[in-house]
Amino acid sequence: MKIALLSDIHGNLEALESVLEEILDKRIDKIICLGDIVGYGADPSFCLQKIREHADTILQGNHDYYCSLPQLSENIVNRLNPIALDAIEFTRKVLSEDEKRFLISLPLIWENKDLMATHSNFCDPQSWQYVLSSEEASENFKAGSFRIGFLGHTHIVSLFVQNGASRVFQFHFKRLFLKKNLRFLLNVGSVGQPRDGDPRAAFVVYDTENDEAQVCRIAYDIEKSALKIKNAGLPLQLAERLKWGV
């Protein structure tokens, strides 16, 4: 079975459509979305519709959660930077009540045998804490019994490997075979707002038969997506960062 794992679409319809077209060409058997379908981009409803049509499993991300709440608490507001807050308020106005009910109902974790996936972290998924270091990855290995775990949230493709001595190492990867005697934590990057210096949309394909994971980077019409952000009155920084992948 070939599984496509994608995350952090963030209302970027052009990026999502390009990724879905690539997934169709690759004859993927299952699509798992690791959350943050909405937020930042100008097309939250269209992206949500596309994901509901194509994904077999959809998990909840922090922006999905924030945008579906009846009201943002003072604690949430204080945690968000002004640009993210503006985008969330925009998205909350665009989404229908049915769409908000769908987002708030999404699960936080998917698990199947030795595979596990969530948006942010396995220790406390709705804390929305990032996994950026080997130390943080080590705590996540302790939190689950998975052999291969998949994350999003950071918008950065990355890989953490735990050996038999429970030591954790961090690597960059494009394609690798996942040896049975090791444990892996893979961040699948971002479809709609990459932050690893590569502006192309990112997702990961995991082949269960060959035990192989591959990062896929897909070019899309960034100018069109950026123009939509500007025309929607969203912060200009959200349009500019798409061009640089930061």
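I looked up L34 first. L34 touches L5, L6, S7, L59, A117, T118, H119, F150, L151, G152 and V188, leaving out residues up to four places away in sequence; contact means heavy atoms within 4.5 Å. The model is predicted: local features need pLDDT of at least 70, side-chain atom pairs count only at pLDDT 80 or more, and totals for chains, interfaces and linings use all residues. Residues are numbered from 1 along each chain as its sequence is written, and side-chain values use heavy atoms, with hydrogens and water left out.

I placed L34 in the loop between β2 (30-33) and α2. Helices (H or I, at least four residues) and strands (E, at least two) are DSSP runs, numbered from the N terminus. L34 is buried at 0% relative accessibility; buried means under 20% relative accessible area (1.4 Å probe, protein chains only). I noted 8.5 Å between the C-alpha atoms of L34 and H153, which are 119 residues apart along the chain.

Next I checked N62, in helix α3 (residues 62-68). N62 is buried too, with a relative accessible area of 7%. I listed its contacts, again not counting residues up to four places away in sequence: D36, H119, W128 and H153.

Last, I turned to α1 (residues 13-25) and α2 (residues 44-54). They pack at about 20 degrees, axes 9 Å apart. Axes are lines fitted to C-alpha atoms, for helices over the stretch in contact; angles run from 0 to 180 degrees between N-to-C directions. The two are therefore roughly parallel, the term for angles under 35 degrees. L13, L16, E17 and L20 of α1 meet F46, C47, K50, I51 and H54 of α2.

Note on methods: Angles under 35 degrees count as roughly parallel, over 145 as roughly antiparallel, 65 to 115 as roughly perpendicular and the rest as oblique. Buried means under 20% relative accessible area, exposed over 50%, partly exposed in between (1.4 Å probe, protein chains only).
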